[in-house]
Amino acid sequence: MTTLLHIDSSARAGLSGRDARGSHSRRLTARFVDRWRAAHPADPVIYRDVGAAPPSPVTGDWIHAAFTPPERREAWMATALAESDRLVDEVLAADVIVLGAPMYNFGPPAQLKAWLDNIVRVGRTFGFDRARAGEPYWPMLDTAGKTLVILSSRGDHGYAPGGRLAHANHLEPALRTPFGYLGVTDVHEVAIEYDEFADARLAASIVAAEARVDDLVKTLLAARSEAAAA
């Protein structure tokens, strides 16, 4: 079985096309998970809505606790890291991470950044040793076979590589880079654009994005079936 971790981060509740002022990114993540489970209904899905319930931001106490070896941590340190531990556990349990990530002011929402800061954890998702020869950092998820799917939405258009606003896209790079640092390098992206135009171009972008999501689910399911049979 394949475990999916479904993360939504939009401040908008509901799904576009179904709910008034609903979220485009939620629409795509819901479609991805629905298509996956239609093919594999027994696959577990872990769901977390960081848009509705944002994780606590990293604090000085959090940093102190995270960089203290587990055997030397005091009771308050375990408390400071408890939420992060739960979030990391979900990432570790997942084979496919389905990340709904709307673009806010050219980058990820603050609530998604807080989630990301909580899962980039020394000793749990990346290693660090000052005495290590060469690079003191190393990824801890590079042999876990994880896949990251970034499903985004944008008010304007042309943010894809080679587009008119590619230079201003700080959303997908802000997600790919830290996940790559952890060792998750199998990354796929689908985006809806033209939201602020609310015209035929938005409608066409939604249709195209949903078709790409459907194709991506088929591709990933086929790849995992081949890997399991190998």
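**Note on the predicted model**

1. By class, the residues lining the largest pocket comprise 5 nonpolar, 7 polar and 5 charged, where Ala, Val, Leu, Ile, Met, Phe, Trp, Tyr, Cys and Pro count as nonpolar, Asp, Glu, Lys and Arg as charged, and the others, Gly among them, as polar. The space in this pocket is about 320 Å³, and of its 17 lining residues Met103, Tyr104, Arg154, Gly155 and Glu196 are the closest to the centre. A pocket here is an open set of points on a 1 Å grid over the protein atoms alone, where a 1.4 Å probe fits, with protein on both sides within 12 Å along at least five of seven lines, and lining residues have an atom within 4 Å of a point.

2. This is a predicted model, in which local features need pLDDT of at least 70 and side-chain atom pairs count only at pLDDT 80 or more, while totals for chains, interfaces and linings use all residues. Residues are numbered from 1 along each chain as its sequence is written, and side-chain values use heavy atoms, with hydrogens and water left out.

3. Helix α4 (residues 110-119) packs with helix α5 (residues 172-182) at an angle of about 10°, their axes lying 11 Å apart. That angle makes α4 roughly parallel to α5 (angles under 35 degrees count as such). Leu112, Trp115, Leu116 and Ile119 of α4 make the contact with Ala174, Leu175, Pro178, Phe179 and Leu182 of α5 (heavy atoms within 4.5 Å), and the residues of this contact are 9 nonpolar, with no polar and no charged.

4. Tyr47, in strand β2 (residues 45-49), counts as partly exposed at 42% relative accessibility, between buried, under 20%, and exposed, over 50%, with a 1.4 Å probe and protein chains only.

Conventions. Grid points are joined across faces, edges and corners, and a volume is the space filled by probe spheres set on the points. Axes are lines fitted to C-alpha atoms, for helices over the stretch in contact, and angles run from 0 to 180 degrees between N-to-C directions. Helices (H or I, at least four residues) and strands (E, at least two) are DSSP runs, numbered from the N terminus. Angles under 35 degrees count as roughly parallel, over 145 as roughly antiparallel, 65 to 115 as roughly perpendicular and the rest as oblique.
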